[in-house]
Amino acid sequence: MSSLAAAAPRAPTHHDDRTFVQKYIFSTDHKIIGIQFLFLSLLFLFLGGVLAMQIRWQLGFPGQPMPGGGILPETMAPGGVILPEYYIQLVTMHGTFMVFFAIMPLLVGVFANFLIPLKIGAHDMAFPRINMASFWTAFLAGAVMFASFFVPNGAARAGWTMYAPLSARPDLSGADYGQICWCISIVLLGLSSILGSLNYITTIINLRAPGMTWFRMPLSVWCLFVTAILGLLALPVLSGAAIMLLFDQTLGTHFFDPGAGGQVLLWQHLFWFFGHPEVYILILPGMGMVSDIIANGSRKPIFGYHSMVFAIVGIGFLGWIVWGHHMFMSGMNPTLGSTFMVTTMIIAVPSAIKVFNWMGTMWRGNLHFHVPMLNAVGFVAMFVIGGLSGVFMAATPIDMHIHDTYFIVAHLHYVLFGGSLFALFAGITYWFPKMFGKMMNEPIGKIHFWLTMLFFNLVFFPMHILGMAGHMRRIYDPTQYEWLKGYQPMNHFITLAAFALFATQFLFIWNFVWSLFKGRKAEQNPWRDNGLEWTLPNPAPHGNWEKVPTVYRGPYEYSLPGAPDDWYPQSSKLPNDREPAPAPAPAH
Amino acid sequence: MSWWLPLKASTFAGEIDGLFTAVLIITGIAFVVVEFGLVWFSLKYRSRPGRAAYYTHGNTKAEIIWTAIPAVTVVALGLISNHYWKQMKGRDSVPADSYPIGVHAKQFEWQYTYPGPDGKLGTTDDYTIRNQLHVPVNRNVVVILTSEDVIHSFFVPVFRVKQDAVPGLTIRAWFNATVPGEYELGCAELCGMGHYKMRTRVTVHTQVDFDAWVKTQAQGGSE
């Protein structure tokens, strides 16, 4: 046995003598950490949704008292009427919670942790204690961000993008402690992500089971691998920028203050240099899980596996050179605008390749529409709309009109809700049996999918029209403008649809909680999937395998001619499969 | 309530709307192909007793086709867009004969400085008015944008013009209004609590009206 393998966490022991705290709270088991991230970030997802409902109330019913708004303090909503200063906090914190504390940890914190060791055949992460530290740092970051609502003058008020100098100057934003909390929380979150990313990269490179070559890895693992590299390189930039902003707020530095030699656009360059790779951090893991699930649901190998891998890696590279498209109207040199337009246009190509390959996978398949498959196909259908609407804003002249309007809001929600969240519904329902040993309820899952699909489109599709009309983002009261008064019926309609969309999510919550306790007991491999994780009992024990399995083929061998069934596990040996070469001894 | 882009009231509007329509047609085709394909496949290849999937790992020819078509399309779109972009925003795009107006943004108002009868900014006959933008029709106008405090964004939907005003920078943006009338300008960049009410009335005058308006203002007339 090589020393690399010896450095890996131990195989499971028959006696689990860990205490409750070691097992469920300060656990080093990657599966428990993934589940901890799941509960925490679902909580933040719900909170982000509650904030969104308040935003929609104000836009649909401007100036009217919000039902139940009476419980909010006078400084936020006296008599239930949302104040402009609270509205900006809502907008800021909705974005912050959804991006940093819901979607990102749901995709990466949950699924990188839970899936990587199970799918590559490792006993655990390379650094289980660093993994635990990553969760608890994220927990602390979330706690600080949540607490910022309760400090004097409330939460941050400069939008989730925190553009300086508004974010740097309390006298201009009206928020002081809230802004500081935001910076501290983001620095902590950055640390958590860096620790996690290091772990994922190391684990994937070093701890793959015998025979698990790079091109036998499931696309979900490929996506998580590229995501981890993006996270490792992007989060330090955000943390650095947040520290500079914190110094501007508290120590009197002037990084972003032009009056004292600072540069306003510096913040935007730093933020989006992080922010654009971040956009791909928020979608790549979803693309990976969807690839696994569509192949499974189609009972067919993924179409064009290699071009899928190259598209993932291509997105990973191109993602670094498109950030300027957020700054076309910022006063940045227009020649740079031309450059960023071209790179932005080109990054549409790998996304198009992926969409066509998903369709190719479904073509002549034997489609089983279980709940994960429904959500995965829903992901493709909605992601396409988000991707195509991106072409409008990539074209700089069109962006001049639609920049900072609801067209952008529509676009980003088609990617982050229509894309990432549908992928998450797919992923959670797919791996729920392996996490908890129970099946989620199928009929409720299907109703939840169709209602979410319906209301999601009713909420976000009309926003394209609002954006075309020139409806600005982040405005407290659109009826202030003559040219937007006529659009109030549409705002009203969107708000009602948003309430229905929110209400629909209680089906998911109920299904999740009910199944956790009362769900039907899951078989070991309910989806008849080829992945290594399905060779383990439910739920998988600490340390996963006694002896890690050997891998003989890629993960998508469905409907293999001559096979006894329409699936063939990665670890099943056929008579003419060769044993993989033993791992080379590490260099000294 | 319109389901399309607003009134076209500047020379940019026709070009931008034309490009918008072109992109809508191209993305519309992609949209229909993908969504129709997904629905069709979902119905046609749904699992039924006796159905078996066709075992294949892909097809290189198909991969090349569906990589090349989007690649050529988006690069062409990029080149066409860049042609207009250079005319609208390029470094040296502002026409030399443009009528200059100084625009100074601050929380939460717009201050417009007009050049007065001599047509030049920075002379003694300049005058400044809050929250009222007056421009002559069919004439190139350049706004010289500065900001007092935070980032604001100068946005007139009917002109299809947007440009951030950034503290520490002086940014020039030009347009040519084509339809006389009264419109509105909004701030498109979150600038604080009063962001939502940082608006301006925009008046496009005929040249005769505009000259008369300049004369009244220069004599210290009422707004």
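## Domains of chain B

In this predicted model, 4 residues of domain 1 of chain B are in contact with 6 residues of domain 2 of chain B. On the domain 1 side, the touching residues split into 3 nonpolar and 1 polar, with no charged residue. The assignment places domain 1 at 11-89 and domain 2 at 99-218. Their centres, taken over C-alpha atoms, are 40 Å apart.

## Overall form of chain B

Chain B has a radius of gyration of 25 Å, whereas a compact globule of 223 residues would have one near 17 Å. The C-alpha trace spans about 90 × 35 × 35 Å along its principal axes. Of the 223 residues in chain B, 36% count as buried.

Take the contacts in chain B between residues at least 6 apart in sequence: 65% of them join residues at least 24 apart.

## Secondary structure and strand pairing

Chain B holds 3 helices and 10 strands. Its order along the sequence is α-α-β-β-β-β-β-β-β-β-β-β-α.

Strand β10 (residues 200-205) of chain B pairs with strand β4 (residues 132-136) of chain B. That pairing is parallel and covers 5 bridges. Within chain B, Gln132(B) stands opposite Arg201(B) in β10(B). Strand β9 (residues 181-187) of chain B is also joined to β10(B), by 5 bridges. Here the strands run antiparallel. Leu185(B) stands opposite Thr200(B) in β10(B).

## The contact between chains A and B

The contact draws 87 residues from chain A and 78 residues from chain B. On the chain A side, helix α12 (residues 334-362) gives the most, with 17 residues. The residues of chain A that touch chain B divide into 56 nonpolar, 22 polar and 9 charged.

## The largest nonpolar core

The largest nonpolar core has 257 residues. Leu224(A), Val290(A) and Ala426(A) have the most contacts inside it. Helix α4 (residues 84-120) of chain A supplies the largest share, 25 residues. Chain B takes part as well: domain 1 (11-89) and domain 2 (99-218) of chain B both give residues to this core, so it lies between them.

What is Ala426(A) in contact with, leaving aside its neighbours within four places in sequence? The list holds Met289(A), Val290(A), Ile293(A), Pro372(A), Asn375(A), Ala376(A) and Phe379(A). One of these, Val290(A), is itself among the residues with the most contacts inside the core.

## Phe39(A)

Phe39(A) sits in helix α3 (residues 30-60) of chain A. Is Phe39(A) buried or exposed? Phe39(A) has 9 C-beta neighbours inside 10 Å. A residue counts as exposed at 12 or fewer, so Phe39(A) is exposed. In soluble globular proteins, nonpolar side chains tend to be buried together.

Phe39(A) and Val110(A) are 71 residues apart in sequence. In space, their C-alpha atoms are 9.2 Å apart.

Note on methods:
Residues numbered from 1 in each chain as written. Chains lettered and ligands numbered in written order. Predicted model: local features only at pLDDT ≥ 70, side-chain atom pairs only at ≥ 80, totals over all residues. Core = buried A, V, L, I, M, F, W, Y, C linked by C-beta atoms within 7 Å. Buried ≥ 20, exposed ≤ 12 C-beta atoms within 10 Å, placed from the backbone. Helix = DSSP H or I, 4+ residues; strand = E, 2+ residues; numbered from the N terminus. Domains from an automatic or database assignment. Contact = placed C-beta atoms within 7 Å. Rg over C-alpha atoms; globule rule 2.2 N^0.38 Å. Nonpolar A, V, L, I, M, F, W, Y, C, P; charged D, E, K, R; others polar. Pairing = 2+ DSSP bridges.
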